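Subject: Handover of a structure and its salt bridges

Dear colleague,

Please find the structure below. My notes on its charged pairs follow it.

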Amino acid sequence: MSDDVRRTVSQYRLEQFDRALESRTAGEGVPVAANDASAEPEPESEVSAPTAADRAAYVETAIQQAIRRGEFDNLPGAGKPLPGLNGRHDPDWWIRRKIESEQLTGLGPPALTLRTEDAALDDRLDRMHREEDVRAAIDDFNARVKEARRQLLGGPPVVTGLRDPDRAVRAWRERRLERARRAAAEQERQRAEEAALGWRERRRRRRASRS
């Protein structure tokens, strides 16, 4: 017997069992007189209870039907890797995920808060305008990482690395130059569009004056 036939038979047995159960339940609330000779006991249903294999086949059939209907197509996250699978076992992954998703600050052990701060440190540095401020922020971050590595208060191990101040400053300068280049290119594009619109307006006016 093929798998499709087994699923069809199992689904039929489950439906028959459900109908028999509903009819039996509906009849339980109707009282029958004890001295009524005409009342005959209802014959017991010949439908046997479905087995675990029947239920498993029924569930598999429902899943296959949903797949054919396309109910599993284009689900959120389809084709994307699961977040947080970096090959390391992190017993506090749920705390870290909560802190990152809710953008919580100052909560949790230093190992988690420093990791979250490290991920957003470049954005924080990009809001600074002086190199001295960038170096001061890096020095403060490194000092707190070193302090957390001592594990004076216990907690999960600190895996956040130190930041090289010179490298951080160079990267900060490069990002500033790149933003300046993008801003200049955007301004040039806007000026070109305005010039093109002005030329079209002048041509429209000339045509209107001739007519």
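What is the relative accessible area of Glu131? Glu131 has a relative accessible area of 25% and is partly exposed (buried means under 20%, exposed over 50%, and partly exposed in between, with a 1.4 Å probe and protein chains only).

This is a predicted model, in which local features need pLDDT of at least 70 and side-chain atom pairs count only at pLDDT 80 or more, while totals for chains, interfaces and linings use all residues. Residues are numbered from 1 along each chain as its sequence is written, and side-chain values use heavy atoms, leaving out hydrogens and water.

Glu131 forms a salt bridge with Arg135, their closest N and O atoms being 3.2 Å apart (a salt bridge is a side-chain nitrogen of Lys or Arg within 4 Å of a carboxyl oxygen of Asp or Glu). The two residues are four apart in helix H6, separated by about one helical turn (helices are DSSP runs of H or I with at least four residues, strands are E runs of at least two, and both are numbered from the N terminus). Arg135 is partly exposed, at 28%.

A network of salt bridges with shared partners joins Asp118, Asp122, Asp126, Arg163, Arg175 and Arg179. Within it, Arg163 pairs with Asp122 at 3.1 Å between the closest N and O atoms. Arg163 lies in the loop between helices H6 and H7 and Asp122 in helix H5, so the pair ties together parts that are 41 residues apart in sequence.

In total, the count is 19 salt bridges.

With kind regards
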